Amino acid sequence: MASESQLQAKRPLSASLAGPYGHPFHPILVTVPIGAWVTSLVFDIASRVVHRPGFLTQASEWLIAIGVIGALLAAMVGFLDLFAIPAGTPAFRTALVHMTLNLLVTAAYVVNFLWRHGDYTGGASVGIGRLVLSAISIAVLAVSGFLGGKLAYRYGVRVADENTQAEGYTPDRSQSDTRSAV
């Protein structure tokens with residue numbers, strides 16, 4: 001039986017902004033910065049091995065910007081999820097670390113974008129410092145993603161309660177009748 005604080009963490013403060021019960025928007029929005037930033041790192045590495053790296057360095061810069069915008073959108077919805085978690089719980093502490101790491105990564109990518117902006121019009125490869133900053137940022141993002149997974153899969157934050165989840169595992173009478181007739 002779920003406690004009152006567990007049930008509170010499963011319900012959004014504003015379903016219209018955070019997503020309906022059992023289907024939050026935050027997990028889908030985080031795919032934008034993760035995909036953009038991982039791809040930008042791949043392009044950074046590739047820019048160091050191809051003959052004409054200009055298109056890769058420019059694309060990487062754009063991907064970093066897209067990732068920052070996506071991260072800010074995901075953060076806004078994530079704040080709504082955070083406020084649904086009761087303070088003083090292990091889930092809340094985990095969420096605060098998750099949020100802090102994500103904000104640090106986003107800030108690092110803002111710095112990375114500003115550091116690069118306008119430098120690659122000549123078609124050069126990405127500098128080693130910028131590449132290292134991207135790699136470290138991705139590593140921190142991976143730790144934060146692990147914590148986000150812990151929030152959802154271990155603590156059940158914004159996940160439907162067990163009775164609602166059980167609906168997906170209850171045999172459908174019409175399907176079982178059809179299978180037994182075959």
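How do the axes of helix α6 and helix α7 cross, and within what distance do they come? In this predicted model, the axes of α6 (residues 90-116) and α7 (residues 128-154) come within 9 Å and cross at roughly 160 degrees. Local features need pLDDT of at least 70, side-chain atom pairs count only at pLDDT 80 or more, and totals for chains, interfaces and linings use all residues. Residues are numbered from 1 along each chain as its sequence is written, and side-chain values use heavy atoms, leaving out hydrogens and water.

**The helix pair**
- That crossing makes α6 roughly antiparallel to α7 (the term is for angles over 145 degrees, on a scale from 0 to 180 degrees between N-to-C directions).
- By class, 16 nonpolar, nine polar and three charged residues make up the contact of α6 with α7.

**Helix α7**
- Helices here are DSSP runs of H or I with at least four residues, numbered from the N terminus.
- With 27 residues at 1.5 Å a residue, α7 should span 39 Å, and this agrees with the 38 Å between its end C-alpha atoms.
- Its buried residues (under 20% relative accessible area, with a 1.4 Å probe and protein chains only) include Arg130, Leu131, Ile138 and Leu151.
- The buried residues of α7 pack against α4 (31-47) and α6.

- Look for threonine 106 in helix α6; it counts as buried because its relative accessibility is 10%.
- Threonine 106 touches Trp37, Val68, Ala71 and Leu72 (heavy atoms within 4.5 Å), leaving aside residues up to four places away in sequence.

Terms used
Helix = DSSP H or I, 4+ residues; strand = E, 2+ residues; numbered from the N terminus. Parallel < 35°, antiparallel > 145°, perpendicular 65-115°, else oblique. Nonpolar A, V, L, I, M, F, W, Y, C, P; charged D, E, K, R; others polar. Expected span 1.5 Å × (residues − 1). Buried < 20%, exposed > 50% of the residue type's maximum accessible area, 1.4 Å probe, protein only.
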